[in-house]
Amino acid sequence: MSEKYDVIVVGAGPAGVTTAYLTAKAGLKTILFERGDHPGAKNVMGGVLYRKPTEDVIANFWKEAPLERHVIEQNLWILDKNSVVKAGYRTKAQDQEPYNAFTVFRSRFDRWFAQKAVEAGALLITETVVEDLIWDNHFVVGVKTGRPQGDVYGSVVVLAEGVNSMLTQKAGLQKDGLNTAQLAVAVKEVIALDKEKIESRFNLEEGQGATIELVGDATMGMMGTAFIYTNTDSLSVGVGALLSQVVRQKINPNELLEHLKNHPIVRPLLEGGETKEYLGHLIPEGGYNAIPKVYTNGVVVVGDAAQFVNGIHREGSNMAMISGKLAAETIIDAHKIGEFDERALSHYQKKLSNSFIIKDLKKYQNASGFFETNDHIFSLYPSLLNKAAEEFTTVDNVPKREKQRRIMELVTSERSKLEILRDIYRGWRVMG
Amino acid sequence: MHFVVCVKQVPDSSEVRVDPETNTLIREGVPSIINPYDAHAVEEAVRLKEKYGGKVTVISMGPPQAEEVIRKSIQFGADEGILLSDRKFAGSDTLATSYVLTQGIKKLAEREPFDLIFCGKQAIDGDTAQVGPGIAARLKIPQLTYVLNIEEINVEEKTIKLHRKLEGMREVISAKLPALLTVVQDLNELRYAPLPNMIRAARYRPQVWTTENIEVEDDKIGLNGSPTAVRKIFAPPEREGGEIIPGGQENPEETARKLVERLLKEEIIADK
Ligand SMILES: Cc1cc2nc3c(=O)[nH]c(=O)nc-3n(C[C@H](O)[C@H](O)[C@H](O)COP(=O)(O)OP(=O)(O)OC[C@H]3O[C@@H](n4cnc5c(N)ncnc54)[C@H](O)[C@@H]3O)c2cc1C
């Protein structure tokens, strides 16, 4: 006769660890399964970790968690072949405690975070894959792991398995699976570079960090973004693009990253660095329309498994944590009345709907569909913008009115005024 | 039967590099694992326990985080684990380490006498292969190194029959128990730990013994008790030269013949 748990959590990423930490802290008997050697071993993020949502789980975490730099400057670079148009924001307000965001390595952060859950009383079982759910009369009553004598029973199973949501699909919550237009593929390198070099190249002082998101030629015009983030003594450099486009254009992500690293504007930032690590991962980009049903009898789904990623704002870990927290609250309440059926767990859905998670995802619900079918937004406009800037900054005795006319001519030669108006209108509709 | 296994936490060698300038090992940020030979030692002890009955106790000397290797051993099926951990042990060489482990085992034996002690052939971070034999010498029990296969234990007569791996041959040998074995990796295949063991290991908190708990003399432990001085560690020079016999793509048979001729000429292979 095997023992029974109050909560079984599958996956020790930010979502699963949050739930396990909070339920264990509330005194519920919690077991947390992770297939990696240790939590975070295979997890990938740019990665910018946000202070406020993390602090909603562990107050003052930033005083002891393994973090790299606190972010004081965020940039957007719109790249063309040989040029860039930049926008950015730098503030002293984010240079002081308790800070706004941090760059992190997930292999270190997740490990630390999971240790907190263990200290709170959760049982962490690593190197163990959960392969299936155990059903009893339309109720999920436990999980099957890949180990001998591997069945475990519990009142509720939390699926925090990340983007590769096999169990969510097996639970019948994501009937059609995922398609390539709902997934981005991202690759990233960690490039070691002297602290002093990082600080001088990015205009930073000790401890301060900067981020750059890049579009346009950074993804060879595909729908996606690239990023360069500063760590203590390395840079995280990566690029992600919609899987459907990568497949259609037959460009492998590796080539994209090489293209980015060798871009004449990017290369000087990386000069002299040594690649230490190479990582790849999927990102759920389906948004609101791809969200599965997030609960059923004895099950809730949190984090990436539930598609909670806002690609436009580079938010994922925060949604993972807050959804994990809302799930924990629901479970703690359900535990009090001893009911874990759909009705009891549907409170999780209600909490989500009232939170920024569903509100934000709903706001952008048509964005990825729009961009995915309008490639030129990521290829044509960045290039036009750069050409306009070129015209504007070249002093060559041409009257300004003439320059404006030339820019207009350049733009309309590529796309008619009507089409541009339509792009703006539609873009505004999906983003605004 | 009481099986005692000595285990050590080591840096994952597949990730350790030698600093070319200072000739020291770069251990920073490298994950720790159970010494691979020791894992096989635990596995063998657990198999013997399953066959002959009894108990497996693992013992390790190391910093507090070496608790991890004890938990790993519990996953494989060990029953109990003891961590010998004290600041005063820091800096121990093989002489001091074998002393501390011996004292720990003696203390353990007061409670439960042992029949067989296992060690790995060597630890992959130092490659000395001295600690196991050191313990056997201190305990004045037979030592059987490079054990490849345990044929049988005679529980009544307290004897063991086993195979040792020697260069180009095997030695089949019997010994009286208690004895100490050092094992090679070919001895067995590590099991995929069943879930109940994983859960037990996750909950397990090993006993920690310090200089308060075991009887040790101060001048035999830590740096004081360690006469060994490491002069230099260096990566062996890359092998030079080599010769590529061209033409393999176009004419494999002819090229293979040329290769064999060369090997014969250099007396690397023998002509029949
Ligand atoms: C390149 C890249 C850059 C990103 N940058 C950012 C960023 O800068 N900021 C940000 O907030 N977000 C970012 N994200 C998104 C963020 O990483 C995710 O949203 C977040 O990790 C989701 O957390 P999670 O806990 O839901 O899933 P994950 O972090 O994926 O964790 C899932 C865990 O479950 C385990 N698991 C899965 N299946 C099983 C199973 N069957 N049995 C046992 N264990 C299992 C996995 O090993 C894994 O540890 C980025 C993502 C990528 C790929």
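**Chain B, surface.** I looked up the area first: chain B exposes about 15,500 Å², and carbon and sulfur atoms supply 49% of it. Accessible areas here come from the Shrake-Rupley method with a 1.4 Å probe, and for residues only the protein chains shown count as cover.

**Ground rules.** I'm working with a predicted model, where local features need pLDDT of at least 70 and side-chain atom pairs count only at pLDDT 80 or more, while totals for chains, interfaces and linings use all residues. Residues are numbered from 1 along each chain as its sequence is written, chains are lettered from A and ligands numbered from 1 in the order in which they are written, and side-chain values use heavy atoms, with hydrogens and water left out.

**Chain B, build.** I find six helices and 13 strands in chain B; these are DSSP runs, helices being H or I with at least four residues and strands E with at least two, numbered from the N terminus. The C-alpha trace spans about 70 × 50 × 40 Å along its principal axes. Of the 272 residues in chain B, 45% are buried (under 20% relative accessible area, 1.4 Å probe, protein chains only). I also checked contacts (heavy atoms within 4.5 Å): of those in chain B with a separation of 6 or more, 71% join residues 24 or more positions apart.

**Chain B, domains.** The assignment gives domain 1 (2-225) and domain 2 (239-272); such bounds come from an automatic or database domain assignment. Taken over C-alpha atoms, the centres of these two domains of chain B are 45 Å apart.

**The ligand.** Next I asked which residues come nearest to the ligand. They are A:Glu34, A:Val48, A:Arg106, A:Asp304 and A:Ser317, out of 35 residues around it (a heavy atom within 4 Å). By class I note 18 nonpolar, eleven polar and six charged residues in this shell. Here Ala, Val, Leu, Ile, Met, Phe, Trp, Tyr, Cys and Pro count as nonpolar, Asp, Glu, Lys and Arg as charged, and the others, Gly among them, as polar.

**Polar contacts.** For the ligand I took pairs of N or O atoms within 3.5 Å. A polar side-chain atom of A:Asp304 is 2.6 Å from a ligand oxygen. The side chain of A:Asn43 has an N or O atom 3.1 Å from a ligand oxygen, and a polar backbone atom of A:Gly316 lies 3.2 Å from one. The protein covers 95% of the 1,000 Å² of accessible area that the ligand has on its own.

**Where it sits.** Strand 15 of chain A gives the most to the shell, three residues. Domain 1 (4-67 + 104-178 + 288-354) and domain 2 (181-284) of chain A both give residues to the shell, so the ligand lies between them.

Note on methods: A polar contact is a pair of N or O atoms within 3.5 Å; within protein, one must be able to donate a hydrogen and the other to accept it, and residues adjacent in sequence count only if both atoms are side-chain atoms. Buried means under 20% relative accessible area, exposed over 50%, partly exposed in between (1.4 Å probe, protein chains only).
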